[in-house]
Amino acid sequence: MSLSVDNLLGIKYLNQKDLQLIFETADKFKEIINRPIKKVPTLRDITIANLFFENSTRTKLSFELAQKRLSADVVNFSASQSSVKKGETLVDTVNNILAMKVDMVVLRHSSVGAGVFLSKHTKTTIINAGDGTHEHPTQALLDSYTMIENIGDIGGKNILIVGDITHSRVALSNILALKLQGANIKICGPNTLIPKYLTNLGLEIEFDIKKALNWCDVANVLRVQNERMDVNYFPSIREYRKLFGIDKEMLNSLDKKIVLMHPGPINRGVELTSDVADSDQSVILNQVENGVAVRMAVMYLLAQNK
Ligand code: CP
């Protein structure tokens, strides 16, 4: 079995079988990284460059750890300390890195479509680690993997995505992954932070957070991305917290026990109160743990296609 794609540029390029294969492969890697000896020689002699043109904690470290667990050689690039600062283009930067015999590139970039653009102008395997407000495919894969781990097959299950959808790359990738698996999806957040195109995707929108939470099996809560907002999308953080924030009182008032997820970083006290983020209903750190196994699976499978 192999993936239907040579790059991971977005969930939109994957099919249901690809997802299944990634999850089955991640199961094997998850078992391996929980052994005392976590390293396997699977990607020995493969060199991978992590090119991060935007800040990251989880994704960058998760990819690097995944690569090291697979015995790949790793080089890390940070735009702020590079010749990008001297005006070098993205294609020139990447072609220079590839000239040093790099086999695979993990790219985070603030521009929508940066990975697709690079795939047309360079000859290497590219993994999109987040392109602007567009897609973050490995986050959606680890999110789905974590949902399956908690509630089983997500076909027919009710999944809620709450928060700043407009500025989120996690939202679109999650929606596409959930649709491929036949989940029921609802969106909740301020009207100003829900893009109009979502209704074209056949998604239901609910503005009442309590109704939305009572409907769902899993709530994936997204961050308010203040750094991407050039105007005010809602009157105040206090109002956001009141209308869309989740606290312990809200959680305890629900008819059932739901699973809570967040891709991080969390604005504690805004999307989630600390007692909710750290509660036994939160699987946020499980998402981070699963990210390593899922990224190992993605890199292993893409390397097979070379
Ligand atoms: N979830 C996520 O992409 O986090 P980072 O920005 O820290 O990588």
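The dialogue below takes up the domains, their interface and the pockets in turn.

Me: What kind of model is this, and how are residues numbered?
Reply: This is a predicted model, in which local features need pLDDT of at least 70 and side-chain atom pairs count only at pLDDT 80 or more, while totals for chains, interfaces and linings use all residues. Residues are numbered from 1 along each chain as its sequence is written, and side-chain values use heavy atoms, with hydrogens and water left out.

Me: Which domains does the assignment give?
Reply: Domain bounds come from an automatic or database domain assignment, and here the protein chain is given domain 1 (11–135 + 288–305) and domain 2 (137–287). Their C-alpha centres lie 25 Å apart.

Me: How is the interface between domain 1 and domain 2 described, in area and in contacts?
Reply: The size of an interface is often given as the accessible area lost when the parts come together. For domain 1 and domain 2 the buried area (accessible area, 1.4 Å probe, lost on being put together and summed over both parts) is about 2,500 Å², of which carbon and sulfur atoms give 62%. In contacts (heavy atoms within 4.5 Å), 31 residues of domain 1 meet 29 residues of domain 2. The rule also finds three salt bridges across this interface, a salt bridge being a side-chain nitrogen of Lys or Arg within 4 Å of a carboxyl oxygen of Asp or Glu.

Me: How do I read the largest pocket, and what is its volume?
Reply: Rolling a probe the size of a water molecule over the atoms shows where empty space is left. A pocket here is an open set of points on a 1 Å grid over the protein atoms alone, where a 1.4 Å probe fits, with protein on both sides within 12 Å along at least five of seven lines; lining residues have an atom within 4 Å of a point. The volume, meaning the space filled by probe spheres set on the points, is about 420 Å³ for the largest pocket. Its lining has 21 residues, of which Arg-108, Arg-169, Arg-223, Gly-264 and Pro-265 lie nearest the centre, and at least three come from each of domain 1 and domain 2.

Me: Which helix gives the most to the lining of the second largest pocket?
Reply: Helix 1 (16–33) gives the most, with six residues, where a helix is a DSSP run of H or I of at least four residues, numbered from the N terminus. This second largest pocket holds about 210 Å³ of space, and its lining includes Glu-149, which forms a salt bridge with Lys-30, the closest N and O atoms being 2.7 Å apart.

Notes
Helix = DSSP H or I, 4+ residues; strand = E, 2+ residues; numbered from the N terminus. Buried area = accessible area lost by both parts, 1.4 Å probe.
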